[in-house]
Amino acid sequence: MHTKPNAPVLDSYWMPFTANRQFKAAPRLLESAEGMHYTATDGRKILDGTAGLWCVNAGHGRRQIAAAVERQLTTLDYAPSFQMGHPIAFDFAERLAEIAPGGPDNRLDRVFFTGSGSESVDTALKIAIAHQRAIGQGTRTRLIGRERGYHGVGFGGISVGGLVNNRRVFPQLAGSDHLRHTHDLARNAYVKGQPEHGAELADDLERLVALHGAETIAACIVEPVAGSTGVLVPPKGYLDRLRAICDRHGILLIFDEVITGFGRLGAGFATDYFGVRPDIVTTAKGLTNGAIPMGAVFTSRAVHDALMHGPESQIELFHGYTYSGHPAACAAGLATLEIYRDEGLFTRAAELETAWHDTLHSLKGLPHIVDIRTIGLIAGIELASRDGAVGARAYDVFVDCFQKGLLIRVTGDIIAFSPPLIIEKEQIGEIVSVLGDALKRAL
Ligand SMILES: Cc1ncc(COP(=O)(O)O)c(C=O)c1O
């Protein structure tokens, strides 16, 4: 299919999470990016309200990252990482260990590299099960997730995930089960930061222990703030309560920080922002500013060290990827960490938080909005759905905003914002103004 001279042929690329036929009939193509903006193929500048897909935390076109990747590719393009090593992977892990989630005295400073968020999740779940077995708890293979959780698209991730469209077609890991989600508009609408109500929902884990037996449960995984399912902020006290229940029953707690990691909430990690320390943290996205695909799983020393037993010639964890610790990805990651440090980006969301809250919440009262929720540099704006057409209204708003020069993200009828952390206050105003006008036009 040709759209216009010099336009790319769109037929062969089977696009992910996309209505392929609808898209190819009216494509939206981004050609370049710099700072807070994309440029579309028709030359229009598009303000990036979503940091790509929650990943370009330091903004686009960072030359420092590009230069580091080029240097690395011309020095060592690839090296195997099974029974072999290359210095930059060790360097990157050491730098990450210095800022790892968990606070100065208790960091989760053992780092396993992956290629994506989905791989980080499946890696974390496997580490949890392997750890339990290593400490003599081999009956613990069950994995607990949460309704409306998103943990990527691997079979492990969809098993603990809670999005029906990602699950209904595919089989899942036997024995996985779910907590209820914490979204409660009746009690918690229009909240800035953490909602008051719902900590007791963590007790669902007690119910699952009573149902299945603690000795069958390896781990419980949650997103500290659920992003892809429409920005669900944990109620006050909820994560602490989950931690306490896990401790009581020997269950490992995994925080999926694929979107909250690397400054999104105004601290390095949600673990530090909420002051609740899990046993394992999954990351990706902001790890390399989105420039090169990569993920990292952080574990406590206790989780790691329990597997460092037995004969030294033995491989302790039969798991890994061809691209674990890829040299170019490590180079991108090291350069990204320097930018985060030099520009103070881990605390930038905290500095902007009041302006972010107030500007986003000024949309209250506009047509279709039933909730606005904000935390760190994240916002969720929930719209009433059209009868019998969930998601149609938000999709129209998404297309309208794109035409007017703003990239937003929609999931069902919820609009999510997660701009690069370099955003300026005027640009927050621009987001709200373009979105407000689109909402007034929306049917
Ligand atoms: C919380 C969470 N976990 C896992 C993933 C999957 O990451 P990826 O798309 O890199 O596999 C995502 C992606 O949005 C995510 O938000």
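**Close-up views of a predicted model**

**View 1. Helix 14 spans residues 345-361.** Its 17 residues reach 23 Å from the first C-alpha to the last. That is close to the 24 Å expected at 1.5 Å a residue. The model shown here and in the other views is predicted. Helix 14 also has a kink of about 50°. The kink is centred on Glu353.

**View 2. Helix 14 has a set of buried residues.** Leu345, Phe346, Arg348 and Ala349 are among them. Leu352, Trp356 and Leu360 are buried as well. What do the buried residues of helix 14 pack against? Two of the partners are helices: helix 13 (327-342) and helix 16 (425-441). Strand 11 (369-375) and strand 12 (378-383) are partners too.

**View 3. Domain 1 and domain 2 make contact.** Domain 1 is formed by two segments, 20-58 and 344-441. Domain 2 covers 67-342. The domain centres, taken over C-alpha atoms, are 26 Å apart. Domain 1 brings 34 residues to the contact, and domain 2 brings 28 residues.

**View 4. Several elements build the side of domain 1 that touches domain 2.** At least two residues each come from helix 2 (51-54), helix 14, strand 11, strand 12 and strand 15 (414-417). Which of the elements supplies the largest share? Helix 14 does, with 9 residues. By class, this side of domain 1 has 17 nonpolar, 11 polar and 6 charged residues.

**View 5. Val56 sits in the loop between helix 2 and helix 3 (63-75).** Is Val56 buried or exposed? Val56 counts as buried, because 27 C-beta neighbours lie inside 10 Å; the cut-off for a buried residue is 20 or more. Setting aside neighbours within four places in sequence, the contacts of Val56 are Ala51, Asn289, Gly290 and Pro420. Val56 and Leu377 are 321 residues apart in sequence. In space, their C-alpha atoms are 13 Å apart.

Key:
Residues are numbered from 1 along each chain as its sequence is written. This is a predicted model: local features need pLDDT of at least 70, side-chain atom pairs count only at pLDDT 80 or more; totals for chains, interfaces and linings use all residues. Helices (H or I, at least four residues) and strands (E, at least two) are DSSP runs, numbered from the N terminus. The expected span of a helix is 1.5 Å times one less than its number of residues. The bend at a residue is the angle between axes fitted to the seven residues ending there and the seven starting there. A residue is buried if 20 or more other C-beta atoms lie within 10 Å of its own, exposed if 12 or fewer, and partly exposed in between; C-beta atoms are placed from the backbone. Two residues are in contact if their C-beta atoms, placed from the backbone, lie within 7 Å. Domain bounds come from an automatic or database domain assignment. Ala, Val, Leu, Ile, Met, Phe, Trp, Tyr, Cys and Pro count as nonpolar, Asp, Glu, Lys and Arg as charged, and the others, Gly among them, as polar.
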